[in-house]
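Biologist: I would like a close look at one part of this model, its packing inside. Please take it step by step.

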Amino acid sequence: MSTTTTIEEPLSMSQELHSKTYRGPPRNIAYIDQLNFDPSLQPVHQEIQGTPLNSSILILDIRILEATGRPPYHGDILINGTRFVHVGEVPNKAELLASGTVRVFNGNGRMLIPGLGDAHTHFTWNGGNLEHLAELGIEEHTLLTARSAKCFLDSGYTMCFGAASAKKNLDIVIRDAINAGIIPGPRFLANGREIARTGGELVTGITAYADGPDEMKQVVREHIDLGVDQVKLSMSGESITETRDAEVCYFTPEETRASVEEAHRWGKRVCSHARARESIIQSIEWGVDVIYHASFIDERGMNLLEKHKSRHVIAPAINWLVATLHDAGMYGYTTEKAEKVGYQKEMETAIRALREMHRRGIVVLPGGDYGFAWTPHGTYARDLAHFVNLLGFTPHEALIAATYGMAKLFMRAHEMGQIREGNYADCVLVNGDPLEDITLLQDHSKLDVIIINGRVHKASHIQQQPPSLLPSPPAPPPRHAAAAATPSSPTTAISPGVAPYPHSSISSTVPYGKNHNLFQDHWDAVSNRPIAPTAHPTAPDDETFLPSANLCFPFPSGPEVTVKDLLKLLPAHSCCEYLITHYFMYISPLFHILHGPTFQQQYNAYLRNPSQSGFSWLALLFTICSLTIRSLDDEDTVLALSYSSAASVNQTSDIYLRYRTAAMTCLSADNCLVNNRLSTLEALLLLIYTVNHYEGLERSWNLLGMALHMAIALECNTLFDYPASSPGQIEINRRRRCWTGILLLYTNQAISYKGVDMSFLLSANTSPDSAFTVDVHDSDLQAKSVMTFKLRLFQLSRQICRHLSRDQPLNGEMLTDFDVQIGIEQRLWDSAFLSDGLPSVLDTRQYGYWCILQLYAHQLYLRLHRPFCRGQSDADVAEALRAQSRAKCVAAGAALLDIHQQLCERPRLRRYRWVVYGVTSFYAFHGAVALASCMFENLDPAFDHATHRNSFDAAVARIEQLQSRSPICIKSFPILRHLQMLLRPKEFRWSNAAGLEFSNVLDDWIEKVQWDNPESVDWTFWDGIINPSPDATDTTVI
């Protein structure tokens, strides 16, 4: 056990309180901005469910305190779904007021602030003797804890950082219940029981014991296995115990180090109960992320903390000291007793230290250890008054610490803690001005409206738009007889729970009109997406890939076809079943729109009586065959089973086109434009996915619009509530899968084409995590994960691409925020698909999914960092940022080539080799040219040219071999071969009139390419470089 001697005056600086009151702009915005937790410690992303994404809230005539440092200003706000969409000025207010679908509040000059946060939260401390909590029954304790969570939200607190739980997983249960919308409460990061050494515990029954580094690691892992978001070390004593001295550290440095390293290794942060000087120094030296109390810090500790202030937060729980000295008397703990054991000394010492921290730019956040008898739940805002009255904060700074500072602690400052467009709508409408009187926030009657996640938790004593002033909404269209009542009107209080949805019986066919003749020339005109003049089609003018002028998926005209005619086009049953099995095993999880058990039933019915099959289901079967046959290796045995000899590449392409044409013939025969069936939609979505992968996004544009309208007609964008395992639930499951497919396909389009903005679709459904379900006898949870992860990543890609397409470039802060978000997704993939960070030897599919998702991530890293890493980039770009971005580009380019190599060559990934025939090789091409660009520059001597050159050479060889199967590889190989010739250590100049350095020309070309869309590449640019005209003067130096 490590001990320290009591220090009478720990600090030699700033001994006296500042004599002048600061009245300038908030200083701690800059302090919080520089806080930079390791991105690998990002908590698992969690969402609170239950907010209908089509809900809207309009708050008029308010003063807005953004918590950005800007003074309050007059304006309005609009919330759609879970987020602020307009702040300050709201366009089309008259239309919104007249719509009858928007909930309206008139603020009458009240102040709107972000939801508050508490950095030292104990939901499970319930106002009595802490020893009693260990004996409290779990049922009663759970109810009390849920009440505490609601009390925080009732008090205007929408963010809470768990400091310890009285039972090992009670915090976790409450967190998950809040996120599921079962109980009301704030956004919450859960903790477990505090960890202490034997003889160093504060409360026996609510402590997890560990002695020595090995036991510390074991107990930390046990906490992490339960699902905590962070762990807490109880390192120093507490004066009230009278047996555990607050100025004594009970942890050894080795124990602290082992605990922190183990938690960080698993991506979890650490907080410490650290009043004693030695406990504070150990916390700083070994990287504890959140230090509680820090009362007896000395000069050495203060200097260390200032040096490392970008990675530590101090949460002093100052109200505990104040209340123990002045409010505990009625509970039998007198002021005299508190002074005798040392609380007066600690409070005076802590105030001096905390004021000094604030002066030095160290982040100090509120959170007062509430839940004891004399620090009851509901009084949390007392901390803010203490920050102002004792610690030298201005009211504005105290509010910023409780809002933006807490969002930074959550590592979600890009979307929480401030009233900004795009942020989560967590806010409180206050009747009064807390900048003039911070104690207003302690009066719950002054908190007129409390909103979390875009959902109204409380609305009292405030004028809402009377229903009589709103026009009556139009009568809803007639629903089926089983339909339930519609949701509450816009002026009705919204329950904190999950909003209800109407029930509906859904027919499998929605007729829209009589049969119409479909003409060939109509489809030639409409099925192809309009391509911009700068677009350059990927597919070469080669009969291998362009066998006819009808590549744009015409619906064939001519004699009427019959089911019997179409059945003749299908492969033999053995071959067909092989293709179906291969599809569901290796392809379906990447675009998992088909419900397996339903398809099996349909296929069984087909086998019993093929002639009774419907055209729409046959279209689905042909599409599966088309997609899968193209994915097979040349040597795959199914080709030999189907044909007299192994099919050549050209034959495989012909077979693919034959089945695809058959699928479109089936849809034409079924009159898919006027008869909307679920199997038709499934076939159409799968066909679009196939075309996107093999032939280009632009070739499916209008078909995607057709699929969207069909999905809306089939009510796929509407959520319904059926009993589990009922037939109705299966139909809903299929529809929700289709809608998820729509979102994925449209997000792909939005990434690749600047003019496409289909963001309104996202408000027509739930979040990515809940929009897709796998249930009702279909247990492929991995497929659900892949689809969910892809949708989340594609939506993030869309945000990034929107920023990249703007005239105003990304800045360093935005770059870091996006890096963090991508890193979060990558860690989720690691957790879902790897085993202890390594590929599973038991399930090849998991590693295949991981590789494919990583391709998207590293492609995004390149998109983000390329503009910053050029040697000749904007002078405003700091050299440190340039070096960081260059390193990121090198790492991302190398990773893309490595994954491409694994997909091409690794035996265990053989079944996923088909992905390299499409856009995956385009990503590898992007990685290769980015890597070449970095190798052309004069980099640090430590740069490993040889390793990256070998990786580049291997990629060129692979691309060359893939030309027979991939049109993208046909286009990219000559460019890569040319770059390969030029990759020499010395400077290279190519032949042109200006004599520009080739690396600059390459960089200019790279920046002009829209790297998510092969069609945007100006492939002809390279013609004059690779094949210069005979009369060009050659000044090339090799």
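Biologist: Leaving aside its neighbours within four places in sequence, which residues is Phe599 in contact with?

Modeller: This is a predicted model. Beyond four places in sequence, Phe599 is in contact with Ile580, Phe584, Leu594, Trp617, Leu620, Leu621 and Ile624. Phe599 belongs to the largest nonpolar core, which has 142 residues; Phe599 and Leu681 are the residues with the most contacts inside that core. Helix α28, residues 844-869, gives the most to this core, with 14 residues. The core lies between domain 3 (563-783) and domain 4 (817-1026), because both give residues to it. In soluble globular proteins, nonpolar side chains tend to be buried together.

Apart from this core lies another, of 127 residues, with Phe188, Leu233, Ala407 and Leu441 among them. Phe188 is also part of one aromatic cluster, together with Phe123, Phe152, Tyr157, Tyr370 and Tyr380. A search of the whole structure finds 25 aromatic pairs. One of them is the stacked pair of Phe152 and Tyr380, at 3.7 Å centre to centre with 10 degrees between the planes. This pair links distant parts of the chain, 228 residues apart: Phe152 is in helix α4 (residues 138-154), while Tyr380 is in the loop between α12 and α13 (382-389). Phe152 and Tyr380 are both buried. Tyr380 also pairs with Tyr370; their ring centres are 5.4 Å apart and their planes at 90 degrees, so this pair is edge-to-face. Tyr370 and Tyr380 are both buried.

Methods
Residues numbered from 1 in each chain as written. Predicted model: local features only at pLDDT ≥ 70, side-chain atom pairs only at ≥ 80, totals over all residues. Heavy atoms only, no water. Core = buried A, V, L, I, M, F, W, Y, C linked by side-chain atoms within 4.5 Å. Buried < 20%, exposed > 50% of the residue type's maximum accessible area, 1.4 Å probe, protein only. Helix = DSSP H or I, 4+ residues; strand = E, 2+ residues; numbered from the N terminus. Domains from an automatic or database assignment. Contact = heavy atoms within 4.5 Å. Phe/Tyr/Trp six-rings, centres within 6.5 Å; stacked < 30°, edge-to-face > 60°.
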